Amino acid sequence: MIKRHAWQTSESQVTPEDVYKQRRSFLKLGGAAAAGSILAPYGYAQSWRTDEDPAPFEAATTYNNFYEFGMDKTDPAKYAHEMSVDPWSVKIEGMVEKPGSYNLEDILKWGDQEERIYRLRCVEAWSMVIPWVGYPLASLLKQVKPLSKAKYVVFKTLADRKQMRGMRSRFSLIDWPYIEGLTIEEAANPLTLLTFGMYGQTLPNQNGAPVRLVIPWKYGFKSIKSIVSIEFTNRQPRTTWQQLQPKEYGFYANVNPEVSHPRWSQARERRLPGGIFGAERIDTQMFNGYGEQVAHLYKGLDLTKNY
Ligand SMILES: Nc1nc2c(c(=O)[nH]1)N[C@H]1C(S)=C(S)[C@@H](COP(=O)(O)O)O[C@H]1N2
Ligand SMILES: [Mo]
């Protein structure tokens, strides 16, 4: 069975069609754990909450940020197929009991796959509701066993100019590879999802195949795609967006309607994809609405300074 939790965005917001139309290809994941639990049938309530409509599969897979493939929202859908994701392995490095290079097939088995329907709030002030499939990153931590001196986890995306045409662009300002990081406590929080699928199928390349993070209480740029390295360290890393603009993007990047981006307010967001009259504007919630699960992580921290 797919586990559900009270803090999830209501299951009624994803249509059975969206899930079942796409889910067959999830079988390609191969791992018995993955396929078995994903395909278990589950019910859908009929009540729809118009303020939290899920993005149709089409929208979530054609409006993307994945700068390795270009800066336009439509570039990843056009060019991410040029990346080969099979075979795939992830290096586990640094302050950890079981370092090594692990095949995706092995990593898939390290946790129970479940569906998580989360709001994704981009720092650019748009958001979508997306049904992801994965297991808590905490399950991976249990397998590889970080040493007690490890205080941070650093993630890196594949960086291959041959396969990623955005990297070859002369407009690219990023110092590749794309790097993200979390504190060990954030990494172990049950909301932090190591993600292999969406809408009941394997992740499309443009959404970060074959494995990415989804951290729903932080701005979308923390949810790093196509991960090839997970490193444990005692030093806070300089993340990609921090390196580019430290005054605009911090290490924590918790969704916070009260801390404006220097160039725009974060108080409201456009819920995509929107209808014929455009996207609805809604209030942004502290921690993207997940405060009950994560606010304790930031006790005593000044969130206006640690943005
Ligand atoms: N490697 C990598 N990961 C990335 C990005 C990127 O450019 N490169 N963009 C981030 C941003 S800004 C957002 S909003 C989300 C978008 O995820 P989605 O396209 O699956 O909705 O991915 C994040 N992960
Ligand atoms: Mo974003």
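Colleague: Which residues lie nearest the centre of the largest pocket?
Modeller: Keep in mind that this is a predicted model. The largest pocket holds about 710 Å³ of space, and 42 residues line it. Those that lie nearest its centre are Asn65, Phe66, Tyr67, Glu124 and Trp241.

Colleague: OK, and which element gives the largest share of that pocket's lining?
Modeller: Helix 4 (75–79), strand 4 (126–136), helix 7 (165–168) and helix 9 (240–244) each bring at least two residues to the lining of the largest pocket. The largest share is three residues, and the element that supplies them is strand 4.

Colleague: How many charged residues are in the lining of the largest pocket?
Modeller: Let's go through the classes. The lining of the largest pocket has 23 nonpolar residues and 11 polar ones. The number of charged residues there is eight.

Colleague: What about the second largest cavity, how many polar residues are in its lining?
Modeller: The second largest cavity has a volume of about 40 Å³. Val90, Ile107, Leu140, Leu194, Val211, Ile227 and Ile230 line it. By class, that lining has seven nonpolar residues and no charged ones.

Colleague: Now the ligand. Which residues are closest to ligand 1?
Modeller: Ligand 1 is surrounded by 17 residues. The closest of them are Asn64, Tyr67, Glu68, Arg212 and Lys225.

Colleague: And how far is an oxygen atom of ligand 1 from an N or O atom in the side chain of Arg212?
Modeller: A polar side-chain atom of Asn207 is 2.9 Å from an oxygen atom of the ligand. With Ser223 a backbone N or O atom takes part, 2.9 Å from a nitrogen atom of ligand 1. For the side chain of Arg212, the distance to a ligand oxygen is 2.6 Å.

Colleague: Is Gln206 buried or exposed?
Modeller: Gln206 sits in the loop between strand 8 (201–202) and strand 9 (212–214). Beyond its sequence neighbours up to four places away, Gln206 touches Thr61, Asn64, Phe66, Pro76, Ala77, Ala80 and Lys225. The relative accessibility of Gln206 is 14%, and buried means under 20%, so Gln206 counts as buried.

Colleague: How does Asp72 count by relative accessibility, buried or partly exposed?
Modeller: Asp72 is in the loop between helix 3 (57–60) and helix 4, and its side chain makes a polar contact of 2.8 Å with the side chain of Thr74. Asp72 has 42% relative accessibility, so the class it falls in is partly exposed.

Colleague: Last one: what is the phi of Ser226 near?
Modeller: Ser226 lies in the loop between strand 9 and strand 10 (227–233), and at 0% relative accessibility it counts as buried. Most residues other than glycine have a negative phi. Ser226 is not a glycine, yet its phi is positive, near 40°.

Key
Residues numbered from 1 in each chain as written. Chains lettered and ligands numbered in written order. Predicted model: local features only at pLDDT ≥ 70, side-chain atom pairs only at ≥ 80, totals over all residues. Heavy atoms only, no water. 1 Å grid on protein atoms, 1.4 Å probe; cavity = no way out; pocket = protein on both sides within 12 Å on 5 of 7 lines; lining within 4 Å. Points joined across faces, edges and corners; volume = space filled by probe spheres on them. Helix = DSSP H or I, 4+ residues; strand = E, 2+ residues; numbered from the N terminus. Nonpolar A, V, L, I, M, F, W, Y, C, P; charged D, E, K, R; others polar. Buried < 20%, exposed > 50% of the residue type's maximum accessible area, 1.4 Å probe, protein only. Contact = heavy atoms within 4.5 Å. Near = heavy atom within 4 Å. Polar contact = N/O pair within 3.5 Å; in protein donor to acceptor, adjacent residues only side chain to side chain.
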